[in-house]
Amino acid sequence: MADRTLPIDGSLDLTPPREQEGTLLETLHSWVITVDHKKLGLMYMMLAIFFLLVAGAEVICIRIQLAWPDNHFLSPQVFNRLFTMHGTTMVFLVGIPLVFGFANYIVPLQLGARDMAFPRLNAFSFWMTAFGALLLYYSFIGGGGLYGLGNAPDVTWWAYAPLTARAFSPGHATDYWALALIVTGFGTLGGAINVIATVISMRCRGMTLMRMPLFAWLMLVDSGLLLVTITPLTAAQIMLVIDRYLGGRFFDTQAGGSAVLWFHFFWIFGHPEVYVLVFPAFAIASEVIPVFSRKAIFGYPAMVAASVGIAFVSLGVWAHHMFTVGMTSASNTFFVLSTMLVGIPTGIKIFNWLATMWGGKIRFATPMLFCTAFLFQFLAAGLTGIMLSVAPWNWQLHNSYFVIAHFHYVLVGAIVFNVFAGIYYWLPKATGRMMNEKLGKWHFWLFFIGFHITFDTMHFVGFQGMPRWIYTYSADRGWNHLNLVISVGGMIQAVAVLIFAYNLITSLFRGKIAGNDPWDAWTLEWSTSSPPPAYNFATDPVVQSRRPLWDLKHPEDPDWRYE
Amino acid sequence: MFPEWLRAGRVTGLAFTLAVFLSSHALAEGPQSTPSIFAPASTPAIDTYHLSLFVLQITGAIFVTVAGILLYVIIRFRARDDDDDREPAQVYGSNQVELAWTVIPVLIVVVLFLTTARLIFAIQDAPKPSAALEVTAVGHQFWWEFRYPRQGFVAANELHVPLSNTSHPSPTYLDLLSADVNHSFWVPQLAGKIDLIPNHPNDMWIDPLYPGLYVGQCAQFCGVQHAKMLLRVYVDTPEQFAAWASNQAKPGVQDPAVAAGRRVFETEACMNCHTVIGTAATGRFGPDLTHLMSRDTLASGAMLNTKENLRQWIKNPDSFKPGSLMPAMQLSNDQLDQVTAYLATLR
């Protein structure tokens with residue numbers, strides 16, 4: 001016990017961090033040149049939240065257009081651009097920056113490290129992502145090329161060849177799309193390498209891999225997955241640019257190229273990408289659920305194994321997006337099996353979270369509300385995923401609104417819900433102030449109700465044969481009532497998100513002072529001050545178990561006795 | 001907290017009621033205006049429907065069980081106001097329990113996989129009977145070409161196939177090709193969708209068991225007017241089909257009363273893209289118009305085939321289908337009237 005030098009309360013310099021003095025310009029300058037993992041983490045988060053609002057605004061326009069049959073709110077051209085931008089933005093400018101926002105801010109603190117392994121690479125990665133985003137959105141101005149008429153890409157976020165060939169997509173919109181993804185892709189690769197290096201080499205004394213918080217584990221696996229999936233995507237984008245400008249014939253079907261080759265390249269990135277996006281949600285749940293249930297995570301080794309298992313299996317399921325492409329019956333059967341197998345480790349994770357709550361004293365503060373809804377929705381999303389893996393049924397459901405419902409259940413019902421949980425949970429650490437609990441509950445319930453109105457209904461309109469990517473439909477198809485319901489639910493979610501934005505901004509000025517450890521939590525980030533000082537810890541912490549702060553708070557019953 | 005969670009439970013209940021409602025009304029036989037996958041009318045769709053009910057039962061049971069446990073945990077183990085400050089008992093895990101909830105899902109996966117695999121082979125590798133009708137469907141930006149190679153004619157946008165029945169099946173086999181980008185052939189009541197990919201021929205089959213008009217549409221994004229690349233499949237009785245096919249095999253009607261319109265058709269750019277058998281027009285880029293008036297709709301189902309719509313479509317295609325590849329030819333009003341009158345004779 002003598003080596004317990006965990007910096008808590010008295011052991012740390014508690015004078016509040018130096019107020020930023022200087023002009024606005026100097027403050028801005030300090031943020032632009034920073035290599036501090038916390039500032040970069042916050043910048044990633046701000047980027048992600050900004051584009052979440054942008055992509056949200058895009059989808060509100062889409063939902064207004066689809067609320068009534070034969071509606072003329074948007075032209076087909078604009079509609080196609082908006083859903084392409086919505087998808088691309090959400091995946092590359094919201095989902096991936098969120099991974100690195102959370103990983104940057106939380107992982108070094110949880111590992112007891114003073115920064116990421118490569119601080120300069122970290123800044124480089126962020127700015128690549130930010131400039132890639134700029135490139136994508138500049139297409140609204142520059143996409144039309146010499147004609148001076150801007151337009152954004154309109155080839156869906158899958159950008160299936162040969163629609164992206166110059167014959168079918170003249171102008172520069174598709175070029176902006178490809179280049180933006182190459183640029184953000186390099187940022188993502190840098191970020192992934194950084195997280196892996198940090199987790200491998202920056203853990204504090206005593207923190208073996210099997211004592212690492214599950215959050216850090218999931219970010220490690222997530223980064224590994226990013227490393228092997230962004231690479232083929234970037235390769236495919238480069239091939240696309242070669243096709244468009246250097247006379248390549250990779251995807252040019254008129255000259256013997258293969259569209260199916262693009263499908264494979266895209267989905268060998270695209271499917272693991274779904275897990276890349278959902279792992280932060282798992283990571284957040286694995287921190288929030290134990291703390292608010294007041295229990296250690298149930299089955300830690302099983303959770304680690306399941307995460308690694310999901311990552312491996314997810315690399316072998318990509319062609320379940322291609323059941324309708326006309327593969328042989330044997331290939332289809334293989335991908336049915338591999339896809340169904342993902343359900344097993346995923347089930348293990350859900351059961352372990354449930355077992356963690358079992359026998360606890362669950363405090364339903366806002367983060368836990370979001371996490372509980374996540375469990376419910378992720379369960380449903382997993383089961384609709386099983387339905388989609390049944391290839392003959394997939395021939396019906398593929399590209400229908402059922403699929404839209406399924407993946408929004410994952411991307412919103414699981415990921416966005418848990419991102420909100422994570423923000424309510426960790427923002428007090430980053431700003432030193434709590435978010436308003438009452439507004440948080442309003443946000444939760446409105447978002448929860450709006451979510452279910454929208455996405456539960458979408459399953460049924462999919463059953464009724466409504467395909468995705470259509471800018472309008474005629475009234476005799478009988479889809480109008482359900483579509484109106486879906487749109488109304490979307491508006492409710494928008495109101496909820498505005499409440500969240502208001503809550504977040506006002507909390508910066510008027511929020512209750514948080515203190516170091518507002519949730520009575522157990523991992524290292526709660527031992528330092530809120531917000532943490534420049535290098536996080538005054539002295540290097542030493543840990544003896546998975547829950548160092550539990551050991552400190554319960555010296556009579558420390559965790560290390562049981563591990 | 002308690003009443004709030006009850007409310008969440010009610011939302012779930014409502015969703016279930018809706019599910020039962022929506023799937024029960026779907027069982028009517030024959031074609032419907034809403035192309036529900038739960039109203040199948042052809043063997044691949046019917047078999048898929050039965051498999052889907054089986055999968056729904058299994059996944060539904062899993063959902064009810066696990067969500068039930070979750071609800072129980074939320075209510076039973078919520079923190080209460082009168083709790084003492086002590087932490088609950090810390091449990092770190094149990095190998096037996098982990099094993100149990102690994103093995104049970106494995107068994108479920110085995111069952112689901114085997115039933116799925118059986119149907120994949122049954123549908124995809126079904127032997128083609130020699131009596132089967134062969135049709136080559138070619139996807140174009142934003143319309144469908146249907147070639148009947150054995151009968152020697154080409155139709156567009158409205159696919160006619162003969163009625164089949166279980167004792168004497170007369171299925172239709174579709175060879176799926178694309179002239180430009182990817183498309184997907186989806187008529188939910190007849191079969192699942194299969195993509196039309198350039199340079200990658202696919203095929204599928206249907207054997208519709210009830211006559212009538214089945215609707216569907218392109219299900220793979222193919223450009224600006226993907227939304228109005230609609231599909232209409234007419235399932236005809238054998239007599240109706242024979243009559244339709246023999247009419248399609250004839251050359252275009254030559255009515256001297258509309259010779260002026262035919263002149264416009266042959267001297268303006270119309271003939272560059274369209275074919276009318278028996279005239280100089282042999283274009284392949286747009287739909288074959290030899291029997292335009294035998295179709296109920298224009299522009300791949302975008303509007304009804306009336307004379308007014310036809311004239312307006314020729315005058316300004318964007319008024320119905322903005323972004324379609326048919327150009328507005330800037331014809332004079334007289335020319336429009338003449339060419340419309342000519343086309344209206346092409347039965």
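Trainee: Where is Pro162(A) found?

Mentor: Pro162(A) is found in the loop between helix 4 (119-142) and helix 5 of chain A. A helix here is a DSSP run of H or I with at least four residues, a strand is a run of E with at least two, and both are numbered from the N terminus. Residues are numbered from 1 along each chain as its sequence is written, while chains are lettered from A and ligands numbered from 1 in the order in which they are written. The model is predicted: local features need pLDDT of at least 70, side-chain atom pairs count only at pLDDT 80 or more, and totals for chains, interfaces and linings use all residues.

Ala161(A) and Pro162(A) are joined by a cis peptide bond, with omega about 0°. Another cis bond joins Ser530(A) and Pro531(A), where omega is about -10°. Pro531(A) also sits in a loop, between helix 14 (480-510) and helix 15 (548-553) of chain A. For background, most residues other than glycine have a negative phi, and most peptide bonds are trans.

Chain B has exceptions of the phi kind. Asn199(B) is not a glycine, yet its phi is positive, about 70°; its place is the loop between strand 7 (194-196) and strand 8 of chain B. Asn199(B) counts as partly exposed because it has 16 C-beta neighbours inside 10 Å (buried means 20 or more other C-beta atoms within 10 Å, exposed 12 or fewer, and partly exposed in between, with C-beta atoms placed from the backbone). Gln330(B) has a positive phi of about 55° without being a glycine, and it lies in the loop between helix 7 (307-315) and helix 8 of chain B. With 9 such neighbours inside 10 Å, Gln330(B) counts as exposed.

Go back to helix 5 of chain A, which covers residues 173-201 and holds Thr184(A). Thr184(A) has 26 C-beta neighbours inside 10 Å and therefore counts as buried. Leaving out residues up to four places away in sequence, Thr184(A) touches Phe92(A), Met128(A), Thr129(A), Gly132(A) and Ala133(A); contact means that the C-beta atoms, placed from the backbone, lie within 7 Å. Thr184(A) and Leu93(A) are 91 residues apart in sequence, but their C-alpha atoms are 8.4 Å apart in space.

Another helix of chain A, helix 10, has 23 of its 24 residues buried. Its end C-alpha atoms are 34 Å apart, which agrees with the 34 Å that 24 residues should span at 1.5 Å a residue (the expected span is 1.5 Å times one less than the number of residues).

Now the meeting of the chains. The contact takes 77 residues from chain A and 80 residues from chain B. Helix 9 of chain A gives the largest share of the chain A side, 16 residues. By class, the chain A side has 45 nonpolar, 25 polar and 7 charged residues; Ala, Val, Leu, Ile, Met, Phe, Trp, Tyr, Cys and Pro count as nonpolar, Asp, Glu, Lys and Arg as charged, and the others, Gly among them, as polar.

Chain B also has an open sheet of 5 strands in the order 3-2-1-5-8, with mixed pairing; two strands pair if DSSP finds at least two bridges between them. Strand 3 (153-156) and strand 8 (202-206) of chain B stand at the edges with a single partner strand each, so one side of each has no neighbour in the sheet. Strand 1 (residues 133-140) and strand 5 (residues 172-178) of chain B pair in the parallel sense over 7 bridges. Strand 2 (residues 143-148) and strand 3 of chain B run antiparallel and are joined by 4 bridges, one of which pairs Phe146(B) with Ala155(B). These two strands of chain B form a hairpin with 4 residues between them, and Gly152(B) in its turn has a positive phi of about 75°. From strand 3 of chain B, Phe153(B) and Ala155(B) point one way, Val154(B) and Ala156(B) the other, and all are buried.

Note on methods:
Contact = placed C-beta atoms within 7 Å.
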